Amino acid sequence: PEGGDLVTGLPSRVYLAAKDAQNEPVEVEGQVFDDRGTLVSDFKSTYGGMARVSLTPAKDRSYNVKLTRPKGASAGKTFAIPAAKASGCTLRSVDDFTSSDNDVKVKVQCTEKQDVLATAVLREKLLAKLAVQTVPGAAATISLPMGKDAVGALRVTLFDTGQRPLAERLIYRGLGNEMRVSVKADRKSYSPREKVTLTVETKDAAGKPVAADVALAVVDDTVL
């Protein structure tokens, strides 16, 4: 579930990932049914075996996934979707993969009227926070302001007035604006224990040099 939990009566999205027997991603298609056999939704993976479905869980209902492709993938097996909580809050992102807006927007909906606080943290630095009051039956859109230079996995957390977390999700900010890292060796190949000289360059999306802290791992590619 997108915000961590499904909540009865509140619209949410469930994310799915499929892998084969070798633990490698596999593209799939499937359907979501409730415990009465009613078809709720169809889905198809979009990349790396990953997919998402919209779901508003009903009271006293449970939900399962059944794969339809590739043929024989499930062999009659179903996969349970996590059970919904009777009350709580959901957190959904307003998709903006290219960060065309300076704000990060999320939709918040709760089963009860209450004051909530949304925070946005990037690499352990608090970038924005905003308090709103939720009303049952309606979703509140929260806009968390931040600059275009905020690139990476943003952690958005929803708290109650007692600072207890209610929901949380990661939102990737700045798709296409990632830092470019290049590593160049002074030679094409080396003998064992021979000195190696590497040049590491870090540039922004526009090709301009930027300062960065990087980590380097050296492995033997013959054993990978």
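User: Is Arg13 buried or exposed?
Analyst: Arg13 is buried, with a relative accessible area of 12%. Buried means under 20% relative accessible area, exposed over 50% and partly exposed in between, using a 1.4 Å probe and protein chains only. This is a predicted model, where local features need pLDDT of at least 70 and side-chain atom pairs count only at pLDDT 80 or more, while totals for chains, interfaces and linings use all residues. Residues are numbered from 1 along each chain as its sequence is written, and side-chain values use heavy atoms, with hydrogens and water left out.

User: Which side chain does Arg13 meet in a salt bridge?
Analyst: That of Asp95, at 3.7 Å from N to O. A salt bridge here is a side-chain nitrogen of Lys or Arg within 4 Å of a carboxyl oxygen of Asp or Glu. Arg13 is in strand β1 and Asp95 in the loop between β7 and β8, so the bridge ties together parts 82 residues apart in sequence. Strands are DSSP runs of E with at least two residues, and helices are runs of H or I with at least four, numbered from the N terminus. Asp95 counts as partly exposed, at 34% relative accessibility.

User: Which residues are linked with Arg13 in a network of salt bridges?
Analyst: The network links Arg13 with Glu2, Arg52, Asp95 and Arg169. Arg169 and Glu2 are both buried.

User: How many salt bridges does the structure hold?
Analyst: It holds 13. Another one is between the side chains of Lys85 and Asp5, at 3.9 Å from N to O. Lys85 sits in the loop between β6 and β7 and Asp5 in the segment before β1, so this pair ties together parts 80 residues apart in sequence. Lys85 is partly exposed, with a relative accessible area of 37%, and Asp5 is also partly exposed, at 34%.

User: Which arginine is buried yet has no salt bridge?
Analyst: Arg173. The nearest side chain of opposite charge is Asp96, 4.3 Å away; Lys and Arg count as positive and Asp and Glu as negative, with His and the chain ends not counted. Arg173 lies in strand β13 (residues 165-173).

User: What does the side chain of Arg173 reach?
Analyst: It reaches the backbone oxygen of Asp101 at 3.0 Å. Leaving aside neighbours within four places in sequence, Arg173 is in contact (heavy atoms within 4.5 Å) with residues including Asp96, Ser99, Asp101, Met146 and Gly152.

User: Switching topic. Which residues does a disulfide join?
Analyst: A disulfide, meaning a pair of cysteine sulfur atoms within 2.5 Å, joins Cys89 to Cys110, with S to S at 2.0 Å. The link is right-handed, with 105° about the S-S bond. Cys89 is in strand β7 (residues 89-93) and Cys110 in strand β8 (residues 103-110), so the pair ties together parts 21 residues apart in sequence. Both Cys89 and Cys110 are buried.

User: What about the nonpolar core: how many residues has the largest one?
Analyst: It has 21 residues, and those with the most contacts inside it are Val108, Leu144 and Met146. Strands β7, β8, β9 (114-122), β10 (125-134), β11 (140-145), β12 (152-159) and β13 each supply at least two residues of this core. A second, separate core of 14 residues includes Val28, Ala51, Val65 and Leu67. A nonpolar core is a set of buried Ala, Val, Leu, Ile, Met, Phe, Trp, Tyr and Cys residues joined through side-chain atoms within 4.5 Å.

User: Last one, on the backbone. Where is a cis peptide bond?
Analyst: A cis peptide bond joins Arg69 and Pro70, with omega about -5°. Pro70 is in the loop between β5 (63-69) and β6 (79-80). Most residues other than glycine have a negative phi, and most peptide bonds are trans.

User: Which residue has a positive phi although it is not a glycine?
Analyst: Asp60 has a phi of about 65°. Asp60 lies in the loop between β4 (50-55) and β5, and is exposed, with a relative accessible area of 63%. Arg193 also has a positive phi of about 65°. Arg193 is in the loop between β14 (180-185) and β15 (198-203) and is exposed at 88%.

Technical notes. Polar contact = N/O pair within 3.5 Å; in protein donor to acceptor, adjacent residues only side chain to side chain.
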